[in-house]
Amino acid sequence: MIGSSARRTPLTFVVHLSVLLLVVLWTLPTAGLLISSLRDKDQIAVSGWWTALAPSHQNAVYRAPPPDAQVEENGRHVIRGNVFDGGNGTVSAFGPSVQTPDEFKAGETATLSNGVAMTVAENGDFTISSTEPMKGRRGERIFYTSSVPPQFTLDNYREVLSAQGLGRSFINSLTVAIPSTVIPILIAAFAAYALAWMKFPGRAILIALVVGLLVVPLQMSLIPLLRLYNDIGAQFGVTPKGYVGIWLAHTGFGLPLAIYLLRNYIAGLPKEIIESARVDGASDFDIFVKIVLPLSFPALASFAIFQFLWTWNDLLVALVFLGSRDDQLVLTGRLVNLLGSRGGNWEILTASAFITIIVPLIVFFSLQRFLVRGLLAGSVKGG
Amino acid sequence: MQQLLFALFTMIVGVAACAAYFIVSNWILDRIFPSKSRSGAVASRNLRITNMIRPWLFLAPALLALTVYLLYPVIESAWLSFHGKDGRQFVGLGNYRWMINDGEFRQSILNNFLWLLIVPAAATFFGLIVAALTDRIWWGNIAKSLIFMPMAISFVGASVIWKFVYDYRAEGTEQIGILNAIVTWFGGAPEAWITLPFWNNIFLMVILIWIQTGFAMVILSAALRGIPEETIEAAVIDGASGLQIFFKIMIPQIWGTIAVVWTTITILVLKVFDIVLAMTNGQWNTQVLANLMFNWMFRGGGDFGRGATIAMIIMMLVIPIMIWNIRNAAKEMEGR
């Protein structure tokens, strides 16, 4: 629009560059997470994810076979082997003690204090030899610095899905999110139609009430509802923490936005359609089911996406109403727990985080159109 | 798997019950006050009665849910804030007095104000820039989509992503967090960012800005497109520069939308909880109201009075925006 003036070229270049910069800034953190989750866990710990394609240097230790394994060759007692056990890698340096893992270059020969000679080749082959037979029950330790070619693996995902309970939490999240998305839609659609097309005293006040409730912070509801649930649980001898409770809670919290979005949309439907149906003698119920509901599909889809993302990503409501026992945790709750207990294990955290965000990302990229439309219609709501 | 089936089953039962309620209640209403195949006077009287009752049949489930889950709790929270730990003993303004003298609360409210100052402004600013710039390049939609993406990520997921960015290793070892890697590459000393008082607040805010910029961008982008071409063409003919057009012609026309974006993010900021819980749990002077409230809900067996009092503070901060929204909605209604 503005660029139609004469100074187009340098200006456009700056625009391209700054947008590129912003896009990189915005995607880099997520990219780091994804790449790290696919890397070998030893490599994550010693090198940044941006070096994932370069070989990584690491210090390691290998225990050679015990002296039982020695064989006599040309008067020397020799133990042979490979520090990578046949895997890939390149030894750049080695040493006999933990303080000096890079005392000798690959291929050189080190003489240990007990007269044993040790040499490690670049490909990891080592030879330990001595003129006297070697004694003892344990083998020599070889400290070496190696560069390992980049390794990508799905092991991290296998680990978190089974051992860390992510699989269980994934099902819990689905169990919470699907009914919490579907139930409010029907309730809200009827209410939205009444608020849009039916005339009754108090309508304006109800609409104002819905708009007001849009921004009521969740924090106001938590304590009273927790008390209410506990009372009901005690009264009827059932556990106050369960799926039905959380579905209803999400329904209640989602309703203001649902009614607001749907009312705006339904009120915008052409008046003629509804009037002519009325003239033909259709009741409001018929009009709603046969005309309004099918026409409102885009708005219903927008809200469904919102509500699904919000219930899937929610932590607070799940923590309060579902409890924090191991088999009750949803994905977000599990991730917070892992942050506490496995804070330094980035292979576990990155893979877990990616599992928690993959479903919303799929929903986001496949249904972005509806999401944008919903945002534009309902931007009064505070998320 | 069994659990999923249970969920699906309950969902179908719930939806069926809901549908049954609407169908049956409407059918009963039509049976009691039939308007078809009746003589004129009776029919019109019955029609009037059904038209009076039916809206409330449509609204009943929604009103019930809104009352139980939002209206009643607001009143109950206000009531609880004047009561003690278990909600029974009346303590007057005791909770509020405790709050004002509590160091942690003052820290939280200070931090919340910082969040309120910085996050909505920064997210709106970046959103506006991206919206304005991407409108003019051919790969703008791809760029927008990528910047919009964090919207879909949970606050907890985003916290893990950024904790990895801020990761700290002792000086001299290889840094695996990209921020420290960049700092050391330029010759600086690595820093444990999220334990660095005051600045760590900013590092937590970055996460929310990162998430919300996409939201601001989408709304503002639509608003920019809605600006009538003629106003811009007129400015071009008058010889205005690109920047002049942007600041003097375009911005004033989308001022209302900017306000909506700003207030929406403001409300979100007031409720920010997950990020603080996941990143620091309020340590190193990063406490905020929502997390403090959650703490008191369970701390020492739970202090409902104090928790409700903190919730009331959040509510009071929201009320001005709520009134503004209602007035705007009312104005819009009149226009219809």
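One definition before the first selection: UniProt positions are given here in the numbering used for this structure, and the annotations may be inferred rather than shown by experiment. Also keep in mind that this is a predicted model.

**Stop 1: the annotated spans of chain B**

Select residues 6–29, 56–75, 113–134, 146–165, 202–224, 245–270 and 304–326 of chain B; an unreviewed UniProt entry gives these the feature "transmembrane region". Zoom in on 56–75 of chain B: the span is 100% helix and 0% strand, with its end C-alpha atoms 24 Å apart. Then jump to 304–326 of chain B, again 100% helix and 0% strand, where the end C-alpha atoms are 30 Å apart.

**Stop 2: chain B by domain**

Now colour chain B by its domain assignment, with domain 1 at 2–80 and domain 2 at 94–335.

Next, pick Phe33(B), which sits in the loop between helix H1 (2–32) and H2 of chain B. Is Phe33(B) buried or exposed? Phe33(B) has 20 other C-beta atoms within 10 Å, so it counts as buried. Leaving out residues up to four places away in sequence, show what Phe33(B) touches: Asn46(B), Ile49(B) and Thr50(B). For a sense of scale, draw a distance from Phe33(B) to Ala222(B): they are 189 residues apart along the chain, and their C-alpha atoms are separated by 49 Å.

Still in chain B, select helix H13, residues 289–298. Nine of its 10 residues are buried, so H13 of chain B is largely enclosed by the rest of the structure. Show the side chains of the buried ones: Leu289(B), Ala290(B), Asn291(B), Leu292(B), Met293(B), Phe294(B), Asn295(B), Trp296(B) and Met297(B).

**Stop 3: where the chains meet**

Bring chain A back into view and select the contact residues, 97 from chain B and 97 from chain A. On the chain B side, helix H2 (residues 40–80) gives the largest share, with 18 residues. Colour that side by class and you get 74 nonpolar, 15 polar and eight charged residues.

**Stop 4: chain A by domain**

Over to chain A, which splits into domain 1 (56–148) and domain 2 (158–377). Their C-alpha centres lie 62 Å apart.

Start with the sheet. Four strands of chain A form an open sheet in the order S1-S9-S4-S5, with antiparallel pairing. Strands S1 (56–63) and S5 (104–105) of chain A stand at the edges with a single partner strand each, so one side of each has no neighbour in the sheet.

How many bridges join S1(A) to S9(A)? Eight, and the two strands run antiparallel. For one of the pairs, select Asn59(A) and its bridge partner in S9(A), Thr145(A). On to strand S4 (residues 90–95) of chain A, joined to S9 (residues 141–148) by five bridges, also antiparallel. Here Gly95(A) has Phe143(A) as its bridge partner in S9(A), while Val91(A) stands opposite Ser146(A) in S9(A).

**Stop 5: the annotated spans of chain A**

Select 170–367 of chain A, which an unreviewed UniProt entry annotates as "domain: ABC transmembrane type-1". That stretch is 80% helix and 0% strand, and its end C-alpha atoms lie 21 Å apart. The "transmembrane region" feature, from an unreviewed UniProt entry, falls at 12–35, 176–197, 204–226, 246–266, 287–310 and 348–367 of chain A. Residues 176–197 of chain A are 100% helix and 0% strand, with 33 Å between the end C-alpha atoms. Residues 348–367 of chain A are 95% helix and 0% strand, with 29 Å between the ends.

**Stop 6**

Centre on Leu262(A): neighbours within four places in sequence aside, Leu262(A) is in contact with Ala188(A), Ala189(A), Ala192(A), Ser296(A), Ala299(A) and Phe303(A).

Methods: Residues numbered from 1 in each chain as written. Chains lettered and ligands numbered in written order. Predicted model: local features only at pLDDT ≥ 70, side-chain atom pairs only at ≥ 80, totals over all residues. Domains from an automatic or database assignment. Contact = placed C-beta atoms within 7 Å. Nonpolar A, V, L, I, M, F, W, Y, C, P; charged D, E, K, R; others polar. Pairing = 2+ DSSP bridges. Buried ≥ 20, exposed ≤ 12 C-beta atoms within 10 Å, placed from the backbone.
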